[in-house]
Each structure stands twice: as C-alpha cells, then as structure tokens.
Amino acid sequence: MCGIVGYVGNKKATPILINGLVCLEYRGYDSAGIAVLENNKVVVKKDKGRVNNLNSLEGIDTLEGTIGIAHTRWATHGKPSKENSHPHMDNSENFAVVHNGIIENYNELRQFLMEKGYTFLSQTDTEVIPNLIHYYFHNGVHIHEDKFLSAVKAATDDLKGSYAIEVISPMFPDKAIVVRKDSPLVIGKAEGENFIASDIPAILSYTKNFYLLDDKEFAVIYKDAIHFFDDSLIEHNKPVKNIEWDAASVGKDGFEDFMLKEIFEQPNSIRETIGSRFRLGEPCSFDDLEISKEYLSTINKIYIVACGTAMHAGLVGKIALEKLCKIPVTVDIASEFRYRDPLIDNKTLCIYISQSGETADTIAALKLAKSKGAKTLAISNVIGSSITREADYSIYTHAGPEIAVASTKAYTSQVVLLSILAMHFAEILNSVTPEEIEKLKSDILDLPTKIETILENTAEIEEFAKKVYTQKDMFFLGRGVDQTVALEGSLKLKEISYIHSEAYAAGELKHGPIALIENDVTVIGIMTDSSLVEKSISNLQEVITRGAKTLVVTNQVLPNAHFDFVVTIPETNPLISPILSVVPLQLLSYYISKNKGLDVDKPRNLAKSVTVE
Ligand code: AGP
C-alpha cells in the first residue's frame, strides 16, 4: 500500500528509483512518480498506471540528477490520476514530497493554507505537506540551525494521522529529509550513497546495512552521512542493522509468479521457522522469548489478534494453545478488537500476528492492549518491523520475504510457530504429558517432507481448476480445524481469482447456505479429522444431491463417496493438519487465477501490507 524509494549518491538517481519502485509493486498501487534534483530545480515525472510507464515519459531518460525520491500511490484521497500521483510540490516548487499514510486533518490544513494564499492542484491529503513546509520555512520559528529540517519538523507537528515522508529541495541540493509516524521507512547505508525505501527488498540489491526509522524520528541523508534527530531535533546516534536476506531470495527463481514460488518454498520456510527451537527429546526454547513460569501461571486468558490470513493462522493456533495449555483463547479481527473495548487486564496475554509487521489495525490493537496493562507478544516475518518494536515480546517466523499479495508461506510458518509456542507454554506449565508433546514435535518435524509429497503431484488440482475457473460462486466446508482452513481457502480464491466464495462450518450448511446450492455450484470439502469425517461426508452428500460439483481434500480413506475429485494428503496431528490441507487450496486458487489470465501476484484493489485503516 503506497511505496516509497529514495536515493542520495553519485549515480544517476532515476534508474535506481524506478528499479526500487518495481520491487515495491507487490504492495499494490495505481500510479507512480519520481522527483529528481536537476540544475537547481526539482523535476517531477509521474502518471497513473504501472511503474514501467514512467520509462516512456518524455525527458525521463535524460535526467542526470543524483538525488531523488519516488512513490507508488494506492489511491485514498482522490482517484488515480496524474495530478493526484506523487511527488507533490509546494506552490513555489521548492519542496517536493512523497508520502505514505493518511493525513486525517488535511481538510483543516488545506483551509489554513488557502487562507494564506496557497492553491492546490490535487485532491490528495499529501499536497498540504510541501505547502506547510514552505509556509514554515518562511514563517516558522527555526528550532534547529538547519532551516530545511526545522520547517519539515514544524510541518509534521501539524499533521494528524500516519505518515512516512521524503522531502527534497533544490535550495539544499545535497540531501533528502525523511520522517515517519505509524508508517514504515528504512534507510539503506552504502559506500558514498544512501537509499530510502518503505521496505527492505526494494533496496536489498544495493546494501545489507539498514537503519529502521522510529516513530517521529527524522533523518537528514547525504551521500556520505546520515544524521538522526528525535522529535525535538536533538541529534543522536543509531545502530546500523545487518539484514541476512539476500537479493536472490527476492527474485522469482525460475517460477512464473512469486505466489507459486512461495507455495513451493513452504517445506523450506517451515524448516527455517522450526530452526533450533526444538529437537526431539529436548524442551522447546526460544532465543528471542523469555517468559517465566510465574508470569505464565498468572495468565487466565489469551487473545490472538490479526487481520486476514494472519487471523486465520490465529484460529488454528487457538486450538493448539487451548488443547495444550488449557488457557481459554479468543481470536479477534484487529479492526474490531481496537474499537470494542475488550475485557483485558494484566492477566491477559495478547498475541498479535502480522507477516509484514506493518498492518495499521494490528498495531493499533496492540497499543490498546498495552495501555490496558496486558503483555503483548508479536509474531512477525519482518525483523524490526513496527509491530515488533511496539510489543513486549517478539518472535519471528523466518519464512523469508513474501512478495505475492496472497499470503501462503507466511501462513504455514505462522501456524508452525504458534504450535511451537503452544508446546513451549505447555512445557513451562506442565499442562500435558511429555509424550503428547513429543509426538507433536515429531509430527511437526515431518511436515516439510509431507508438503514436498503434496507438491510433487499438482496435476489433479490443475485439472480441477480448468473445470471450474469460469464459476461465479464457490463454497468451502469443513468441521473443527478444517473449518479454519475453509476460511483461508476461500480468502485465497477471492483474492486472486475474483470468484465469490463463502466458507462455512459444514454443520451450518442446513441453517441457511444450502439454499444457494444448485446445479454445478462448486463445493470444496476439507476432511482431515477422523472423528468428524463421517459427519462431513453427510454434508457433502447433501450438496451432491442438489447438483454441486465437489472437490475433497482429505487424509482419510473415504467410503462410498461420489465426489468429483479427491486430493489425498498425508496424515498428521489434527492440531497442525491445516499446514498440509491448505497447500492444495493455495494451488487451486493459483491455477484458477492463471486460467482466468489474471495477475496472480498483484490482484486488483489489494495491497501487500495494509498500512492505513
Ligand atoms: C493474505 O492473503 C492477505 N493478503 C491479507 O489478508 C493479509 O494476511 C492481511 O492483510 C494481514 O497482513 P499482515 O500479516 O502483514 O498483517
């Protein structure tokens, strides 16, 4: 959701900026633009549409400037258009700004500036920012000797909402200024050149040394120096972080799409998630988590809060935590949790799951729990992401960068990590027998090989996708843990194939949804729990009788069933069976989307990380 790139160095900025924007395309956007300092002026090139279109804009190939900022916009205020694309400039064209986030009080600020004689070219909230900087540059009290920095600080003091901002000015041709609040921004440090981006993969091919900017922290970036300032513009030092991901892991590696690559990476991403967190015969251990028995014994309730796929992982985690730790767990959607005054206190542990670690609702929900005295634990895939910096404890999935908008490997790693966490808590609390935990450990260790088996034969799923890709509606049914996978399968399908789908607990069918079943409607049944399989078969028979086309994902031998397709997956512990049963569903959505000729990795209207409410 909106992407930012910046460059301050000796090389031509334009190709670096455009290359960075290409790497951020997965975040979702509808317009793109760059601004480069050139012959004492700012030159802006922007338009709606794809980043690649920028290359054909007149004069872009002759830009020589070595300092620039760039942006992909995901429309919030004002439709996608050239005028609404970033960068935006102030009326004097002395300050160019790109912005990620939402300025909630922009109407009020616009009014203020219009009264001072400023005019506006766009409908965006962002355009107030360069004009405010201009206003304070000429009228403000300069609390720092750097007048440019003082003006940026004064302007951001007026902003309510979220922002990651880059500013350049031809009056200061050797630097860029950046600041952020509730929106991600990283700075990459290299020899004689520095990079700015919304996230690490955009600039990973240039450096592995990063600074993760904190909320309300400013950075003044030169080609050979970076100065950091707090919200009072007092300068401070900041440690540089070395990131282990390599640029190759952000490429497609011969796969047609990132999503397919990420589906196939799951055996390995699960191995990475397990890492050294447990071995057979030894208790689980988390290098990054120190939770005492005393504290855990006081916990009488756990909340798991997240959005979308991460929330679906939480639903699986709930089953493992309750079964192994005997603590009641409530799973909540972050955007609901944050506004409904949940009953939490210092005896509640709140777990937040976020692949990106930047989801605005999840971060806000975490802050709420903290303010009510609960301890917070973040599960994220991105080291140093905003959520991990807010939480009391943070643990990482180590799934590697996930680029496709539709989450796949992050989900399976989140479920694995939640299961290990549940075992770890159960060992501390002594709440189940060591044998039970030992069995689960062995089942988790077997998961990568079992996923490899599923991935070896995708032909059946491809064939089924060919038969059903023109459908308008699909249903996903399951009982118990399979119901959570039904939800995830249905979400995947909606996201990338634009087919309307619903997920139901199979037993709910008769209470309404069965009215929608008619000839040729596709119903997908997930049946991995032997204790519930007979009941699920009955539910599927009911839809077959009404003419539905059925696909069943199961690890059971099904008696006398009349399903159109059956995908058999290896058996495992029911607590972790979603890690296997989700794989055919991920593949099904993928192949349906391909059959429809859609952009699998960048589905319409969606963003990889939803950094605004
Ligand atoms: C998953 O396929 C979706 N793109 C989406 O539901 C996602 O899981 C959700 O936005 C949460 O993202 P996060 O894990 O980065 O917080």
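Residues are classed here by type: Ala, Val, Leu, Ile, Met, Phe, Trp, Tyr, Cys and Pro count as nonpolar, Asp, Glu, Lys and Arg as charged, and the others, Gly among them, as polar. The structure is a predicted model, in which local features need pLDDT of at least 70 and side-chain atom pairs count only at pLDDT 80 or more, while totals for chains, interfaces and linings use all residues. Numbering starts from 1 along each chain as its sequence is written, and side-chain values use heavy atoms, without hydrogens and water.

The chain is assigned domain 1 (3-244), domain 2 (250-455) and domain 3 (459-595). These bounds come from an automatic or database domain assignment. Between the C-alpha centres of domain 1 and domain 3 the distance is 46 Å.

The structure holds 2 cavities of 30 Å³ or more. A cavity is a set of points, on a 1 Å grid over the protein atoms alone, where a 1.4 Å probe fits but cannot get out; lining residues have an atom within 4 Å of a point. Grid points are joined across faces, edges and corners, and a volume is the space filled by probe spheres set on the points.

The largest cavity holds about 270 Å³ of space. Its lining has 24 residues, and the closest to its centre are Tyr26, Asp199, Ile200, Ser356 and Val382. By class, 12 are nonpolar, 6 polar and 6 charged. Domain 1 and domain 2 both give residues to this lining, so the largest cavity lies between them.

The second largest cavity has a volume of about 40 Å³. Cys2, Arg73, Trp74, Thr76, His86, His99, Gly101, Asp125 and Thr126 line it. This lining has 2 nonpolar, 5 polar and 2 charged residues.

How values were computed
1 Å grid on protein atoms, 1.4 Å probe; cavity = no way out; pocket = protein on both sides within 12 Å on 5 of 7 lines; lining within 4 Å.
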